[in-house]
Amino acid sequence: MFLEYTTIFIFLIVGIAMVPLMLLIGKILRPHAPDDKKTSTYECGEIPLGSSWIQFNLRFYVIAFLFLIFDVEVAFMFPVASIFKQWTQAGFGQGWLAFIEVAIFVGILLVGFAYAWHKGDLNWVRPKKKE
Amino acid sequence: MLQDIFQYWPVLQTFPFWVWSTLSVLALLFLFVFPFAGVAVYVERKIAGDIQARIGPNVVGPYGILQWIADALKLLLKEDIIPKKADRKLFIFAPMIIFMSGAASFAVIPFSENLILANLNIGIFYLIAITSLVSMGVIISGWASNNKWSLLGGLRAAAQVVSFEIPVALSLMTAALALGSLNMVDLVNAQAGMKWGIFHNPFMLILAFVYYISALAEVNRTPFDIPEAESELVSGYNTEYSGMRFAIFFLIEYADAFVICAVSTTIFLGGWHLPFLNYAHIPPFLHIPLQVTIFMTKACFLLVVMMWIRWTLPRYRVDQLMKLCWEVLVPFAFICLLGTALWMVLFQGKGFIELLGGLF
């Protein structure tokens, strides 16, 4: 069973190595004439103004945070998911136990989700404060 | 798969395992992924032409069949411009991550019971993990291009991919819950005959659509292609990429679209099983061709539906997109998760079809 991970590892290495390979084949064939205007940043034809590493909207951080929480929740529930069917078929009590555990876990996180929704953190545009 | 082949022909064991592994990986990439992506591009352009009441490409070769080869050659021969102020190492690194994650997700696609490159016992979990790497590549490419458009486009694309990963992960987990395993081949075999995943219980029916829509948004396709929309952000995170580097982004988009269709087929549409088709009655040498045919037919049907949706619906705005994800799809996914768990407990893990069969 663990021998299959060799294939995965080789896949990752081949994946990383394939890109320079494709570009290498092209290097022989394609022209290489760097020009001042060609290598400047694209800004719809104008001369680029200012540094491009600008400060971005804080909304992205909130979304990343929400994603982190729910993804970790899903990752924790995967072991339960792989055993669930066996437990429901084993004895009547075990299935209910697993279901109640899943329900409590999901319920706690849903409370947090409802809070975030109510506060307006799920909106892309922050709602205007009522005066 | 390789171990089965070794049992059949022990003479192949003269070479170590990793040699055959590398050969099979290269064979999958060059004989399946690249031609498939190319043909998918051609089919998409023809379908787009049909839907828009025009003929698609028909100049290069009979009916334009060689168009994608011409496109690939053109992109290979274009000059590779790396902007002077761009972060050079990250600029080169971003396509590598995206390619790696896109290609490595093909390792667990069950084309047939024995034709699966790596039959991991955590197949579904591995898929979710690997497809999450795409968002990293997108952010890196947006950042490294040293271009305001690319940065904003990359961040928006990453926000979209990352938000829609929650419904995807939840639906896959619920499907694993209902079908009882994380192994891809076991998931398909739990749907033998008519017991397809989509008919397991009413919540799985809803979940199939939730998965399909969220997965469409994850590969930045169809109505959710804000990151690549020309009129919105010039070209988003791949503005500064030219030639072959751009071709890699493009190729991986189509490869990922196929992976999604394949995973949908595996989990919801029964993989290589058809109703009233019992594989015990069919001679073993016909198993692999038949299973591959059925699997590819279902996956390609879903791919054509994907293309159909793309050229029919208008594009979503970014805030509508996020609203759709967090306020519609995530609650639906959670409700379906709890509903499926409840159904499993009430009916001892039996699906709808199984219960009907037990009645007669």
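How far is the sulfur of B:Cys336 from the closest cysteine sulfur, and in which residue does that closest sulfur lie? The gap is 14 Å, and the partner is B:Cys325, which is too far for a bond. Please keep in mind that this is a predicted model.

**Cysteines**

- A disulfide is a covalent bond between the sulfur atoms of two cysteines.
- Searching the whole structure turns up zero disulfides over all chains.
- B:Cys261 is in no disulfide, and the nearest cysteine sulfur, that of B:Cys300, is 8.1 Å away. The cut-off for a disulfide is a sulfur pair within 2.5 Å.
- With a relative accessibility of 0%, B:Cys261 counts as buried.
- B:Cys336 is buried too, its relative accessible area being 1%.

**Aromatic pairs**

- Over all chains, the count comes to 22 aromatic pairs.
- One of these joins A:Trp96 and A:Phe99: the ring centres are 6.1 Å apart and the planes stand at 80°, so the pair is edge-to-face.
- Both A:Trp96 and A:Phe99 belong to helix α3 (residues 92-119) of chain A, where they sit three residues apart, about one turn of the helix.
- B:Phe32 lies in helix α2 (residues 17-51) of chain B, while B:Phe106 is in the loop between α4 (88-104) and α5 (123-131) of chain B, so the pair ties together parts that are 74 residues apart in sequence.
- B:Phe32 counts as buried at 18% relative accessibility, and B:Phe106 is buried with a relative accessible area of 2%.
- Ring pairs also link B:Phe32 and B:Phe106 into a cluster with B:Phe36, B:Phe111, B:Phe258 and B:Phe295.

**A helix pair in chain B**

- Helix α7 (residues 148-179) of chain B packs against helix α13 (residues 318-346) of chain B at an angle of about 10°, and their axes are 9 Å apart.
- Angles under 35 degrees count as roughly parallel, and α7(B) and α13(B) are therefore roughly parallel to each other.
- Sorted by class, the contact of α7(B) with α13(B) has 22 nonpolar residues, four polar ones and one charged one.

**A buried glutamine**

- B:Gln291 is part of helix α12 (residues 287-310) of chain B.
- At 1% relative accessibility, B:Gln291 counts as buried.
- Which side chain does the side chain of B:Gln291 join in a polar contact? The partner is B:Ser112, and the contact is 2.9 Å.

**Chain A as a whole**

- The secondary structure of chain A comes to three helices and zero strands, and from the N terminus on its elements run α-α-α.
- Of the 131 residues in chain A, buried residues make up 32%.

Technical notes
Residues are numbered from 1 along each chain as its sequence is written. Chains are lettered from A and ligands numbered from 1 in the order in which they are written. This is a predicted model: local features need pLDDT of at least 70, side-chain atom pairs count only at pLDDT 80 or more; totals for chains, interfaces and linings use all residues. Side-chain values use heavy atoms; hydrogens and water are left out. Axes are lines fitted to C-alpha atoms, for helices over the stretch in contact, and angles run from 0 to 180 degrees between N-to-C directions. Helices (H or I, at least four residues) and strands (E, at least two) are DSSP runs, numbered from the N terminus. Angles under 35 degrees count as roughly parallel, over 145 as roughly antiparallel, 65 to 115 as roughly perpendicular and the rest as oblique. Ala, Val, Leu, Ile, Met, Phe, Trp, Tyr, Cys and Pro count as nonpolar, Asp, Glu, Lys and Arg as charged, and the others, Gly among them, as polar. Buried means under 20% relative accessible area, exposed over 50%, partly exposed in between (1.4 Å probe, protein chains only). Rings of Phe, Tyr and Trp (its six-membered ring) pair if their centres lie within 6.5 Å; planes under 30 degrees apart count as stacked, over 60 as edge-to-face and the rest as tilted. A polar contact is a pair of N or O atoms within 3.5 Å; within protein, one must be able to donate a hydrogen and the other to accept it, and residues adjacent in sequence count only if both atoms are side-chain atoms.
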